[in-house]
Amino acid sequence: MLPKLFSDNWLVYFIGYNGFFAVDTFFWLSAFLMVFIFCPMYEAKRCRIGVVGWVMVYVHRFMRIVPVYAAFMAFYNLVLPALSEGP
């Protein structure tokens, strides 16, 4: 028997009970990309990646994420309010 909260809207039920699959998939893909980026660096340096190497991995990741995040925030703050207002 489903609670009343989930019985009326199938989408809320679907997301509420199956959201952990999305989180697991996100973590799996994130780990795969980190290994995909790190392995060529590791092999090129012959196993001598110190603190600077790890910092550069995260700097590279930060530089990949920030432009997409900034574009989304600009769209959300500049374009979306104009679309929701009437003439």
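Predicted model: local features only at pLDDT ≥ 70, side-chain atom pairs only at ≥ 80, totals over all residues.
Residues are numbered from 1 along each chain as its sequence is written, and side-chain values use heavy atoms, with hydrogens and water left out.

Let's begin with the fold. The protein has three helices and zero strands, and its elements run α-α-α from the N terminus on. Helices here are DSSP runs of H or I with at least four residues, strands are runs of E with at least two, and both are numbered from the N terminus. Of the 87 residues, 8% count as buried. Buried means under 20% relative accessible area, exposed means over 50%, and partly exposed lies in between, using a 1.4 Å probe and protein chains only.

Now turn to helix H3, which covers residues 51-84. Its 34 residues reach 48 Å from the first C-alpha to the last, close to the 50 Å expected at 1.5 Å a residue; the expected span is 1.5 Å times one less than the number of residues.

Next come the aromatic rings. A search of the whole structure finds four aromatic pairs. Rings of Phe, Tyr and Trp (its six-membered ring) pair if their centres lie within 6.5 Å; planes under 30 degrees apart count as stacked, over 60 as edge-to-face and the rest as tilted. One of the pairs joins Phe26 and Phe27, and it is tilted, at 5.8 Å centre to centre with 55° between the planes. Both of these residues are exposed. Phe32 and Phe36 make a stacked pair, because their planes lie at 20° with the ring centres 6.2 Å apart. They are four residues apart in helix H2 (residues 10-44), so about one helical turn separates them. Phe32 is partly exposed at 46% relative accessibility, whereas Phe36 is exposed at 58%. Together with Trp28, Phe32 and Phe36 form one aromatic cluster.

Finally, look at the largest pocket, which holds about 190 Å³ of space. A pocket is found on a 1 Å grid over the protein atoms alone, as an open set of points where a 1.4 Å probe fits, with protein on both sides within 12 Å along at least five of seven lines; lining residues have an atom within 4 Å of a point. Grid points are joined across faces, edges and corners, and the volume is the space filled by probe spheres set on them. The lining consists of Phe26, Leu29, Ser30, Leu33, Met34, Ile37, Arg61, Arg64 and Ile65. H2 and H3 are the elements that give two or more residues to this lining, and H2 supplies the largest share, six residues.
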